[in-house]
Each structure stands twice: as structure tokens, then as C-alpha cells.
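Subject: Structure for you to look at

Hello,

Here is the structure I said I would pass on. Please open it first, then read the notes below it.

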Amino acid sequence: MAKISTPLTELLGIEHPVCLGPMGMISVPSMVAAVSNVGGLGIMGTANYDPEGLRKAIQETRTLTERPFGVSIMASFPTAGDHAKVAIEERVPFVTTSAGSPKVLAPLFRDAGIECYHVVPTVALAMKAKNAGVTGLVAEGAEGASFKSRDEVSTLVLVPQVVDATGLPVIAAGGIGDGRGLASALCLGAVGIQMGTRFIATQESPIHDNYKQRLVELKETDTRMVGRKAGPLRVAINACSDDMAEFEASTDDPQELRKKIGYHKFPAAALQGDVENGLVVAGQIAGMVKDLPSVADLVRGIVDQAAATLKEKDALVAG
Ligand SMILES: Cc1cc2nc3c(=O)[nH]c(=O)nc-3n(C[C@H](O)[C@H](O)[C@H](O)COP(=O)(O)O)c2cc1C
């Protein structure tokens, strides 16, 4: 198979510049290890773990893979400091921070010699993160799944501007689902990609089959942003998000909005398979999901297609 080396693969000693995005209840040890074992980088979602739960999950992942993997920490969560402590004690080589400022966490990781990439939706927040001392960034566009910034900048627009403004290594996320996406991200200046939606629709993904099947059925126009007034969240259009959108129209109270518009209905879809009344978190790239491959076939296919795409486009250049 093809090999694509970037500063990210060199830095972490991984084979492919393809990361599994952190996703609570999905990017669990088995899934993280599946991605790392094929030579990508699994990044663990920590939203559902208390600090000791995170330690156990890291240790479990180590029994499933000898390769590098990362963890992600929600910077504004009350558990952030304890999660960071566990990541440092367990010598995890790569951490992403999101949902808040990396100001407190970035220096801790820097001192511990751990790579810390902050997830950013705009150039301004990328500069703030750089000034806080992060070693890299995940630039995530609004077409991606889950919580998003109100600014709603797309990945194509965001990535090259974050690369130019910060000079830091940047992983592109949001709306990437195949090798053309990887090739494009590299052309925009990224050192790798992070995918969420595409990885949910794999054999190993620990989510209900109905959820995977719904992703196969969705078109690129079948997601929406709910919660714009409180904290935008990209999800599939269904009865659950219809209810959320209707509620949002009825109030401007941010607390009420946060209570009703969020992840509380995700387990109904993710675990019980109720993809109408449960929350199906999905990005626009779901329109490209047509099958449920193994993680290994997916990652290898993406790298091969990216390599072929880059070579093919080279022929377009005259002189
Ligand atoms: C169910 C779900 C949960 C997620 N949880 C997190 C999270 O806890 N932290 C985070 O940084 N990103 C989270 N994300 C975002 C993904 O890690 C990834 O960056 C995003 O899905 C990329 O866009 P894509 O879906 O178009 O590939 C989540 C995404 C999904 C679908």
C-alpha cells in the first residue's frame, strides 16, 4: 500500500496521517486501538470518563495496541485538570484539548513533553491557542459533526488560514471522508486529517447498527445545526432534532436551551438504536458514507486513494 509521510507521522512515529476523532461512547479503547493498529492515530473521547475511568481506559488501550494513541480533554469541564493529570501520569504521547481555552492545560503538557493540539474553529482562536503554548492545532470546520462554533467557517476556508497565521502543525477536521479529502487537506497545508462521521460507519465502531445504517442513508443535506443560540450542534435531521429546533424557536434562555439541546438523547440513538427519537450526531460528509468497511480497509483505502489523487493531479501541471 501507499505511504504518505508528513510532519505528524514523523513526530508521532505513526504510519498514516489519519486520526480517529475523539467521540464519547465511540472512541473507546477498542476503537482507538483499531485505528492505531492499522497505523493511524486513535484519539480517545473522555467526556464519559471520570479520571480513574480514563486511567483504566488508557491502560486497556495499551493491552490492545503497542502503537501511539491520544486522548482528548474538554478544557472547560470540571474534570479537565484531573484528566490532564492522568494523561501525564500515563505518559500518553498526544493530547487534544477542545471546548474551552487551553491556557491552563497547554503549559502542563508542554512541561511533560506531551504534544498538545487544540481544536479551533477560527483564526482568532487559533492565535489565542498558539499564544497559550499549544504545539499544534486541529482546525475543524462547521460541516463536521457535533458541537461547533457560531462562526460556522468551513474546513476549506479555515485550514489554510490557520496554517498561514500560526505556522503550527495543523490537523484538518470536518467534512473529510475519503482519500480525496486527505489529499486536499495536505494541499491546504495540513499535516493530517481527523475524521468522526466516517469512522462511526465502520465494522468496529461500538454503536448501534441502526445508527450506522442511518449514516449510510443520509444525504449531504440531511444534517442541521441545532442550538445556535446556546452552542451549535451538528446532527442529523430527524424527529429528535425537529423537537430541538422547535424548542429553540420558543425561547432565548441559554440555560433552558442547554438543558434541552445537547447530548442527553444521544444514548437513545447510539445504544438503543432509536434513530428517530434519539440524537444522531453526524456531519455533512455522511452523504459520502455508502458502506461499513473495517477500520483497516477504510484507513488503507483512504491513504491509497490520497496517494493516487496526488500523483494524478501532478500530471495537470505543465512545465
Ligand atoms: C458523536 C460525536 C462525539 C464527538 N465528541 C467530541 C469530543 O468529545 N471532543 C472533540 O474534540 N470532538 C468531538 N467530536 C468531533 C469529532 O472528534 C471530529 O472532529 C468531527 O466529527 C470531525 O468532523 P466529521 O464528522 O465531518 O468527520 C465528536 C463527534 C461525534 C460525531
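Thr-223 stands opposite Ala-236, a residue of strand 11. Strands here are DSSP runs of E with at least two residues, helices are runs of H or I with at least four, and both are numbered from the N terminus.

Before going on, two remarks on the source. This is a predicted model, in which local features need pLDDT of at least 70 and side-chain atom pairs count only at pLDDT 80 or more, while totals for chains, interfaces and linings use all residues. Residues are numbered from 1 along each chain as its sequence is written, and side-chain values use heavy atoms, with hydrogens and water left out.

Strand 10 (residues 223-226) pairs with strand 11 (residues 233-236) in the antiparallel sense, over four bridges; two strands count as paired if DSSP finds at least two bridges between them. Arg-224 has Val-235 of strand 11 as its bridge partner. The two strands form a hairpin with six residues between them, and Gly-227 in the turn has a positive phi of about 75°. Three strands make an open antiparallel sheet in the order 7-11-10. Its edges are strand 7 (146-147) and strand 10, each pairing on one side only.

The barrel

Eight strands close into a barrel with parallel pairing, in the order 1-2-3-4-5-6-8-9. From one strand to the next the twist averages 25°, where axes are lines fitted to C-alpha atoms and angles run from 0 to 180 degrees between N-to-C directions.

The ligand

How many residues surround the ligand? There are 22, and the closest are Glu-140, Gly-175, Gln-194, Gly-196 and Thr-197; a residue counts if one of its heavy atoms lies within 4 Å. Strand 3 (70-74), strand 9 (192-195) and helix 9 (197-200) each supply at least two residues of this shell.

Why does the ligand lie between two domains? Domain 1 (7-206 + 291-314) and domain 2 (219-281) both give residues to the shell, so the ligand lies between them; the bounds come from an automatic or database domain assignment.

Polar contacts are pairs of N or O atoms within 3.5 Å. An oxygen atom of the ligand is 2.5 Å from a side-chain N or O atom of Thr-197, and one is 2.8 Å from a polar backbone atom of Gly-196.

Regards

Definitions and conventions:
A polar contact is a pair of N or O atoms within 3.5 Å; within protein, one must be able to donate a hydrogen and the other to accept it, and residues adjacent in sequence count only if both atoms are side-chain atoms.
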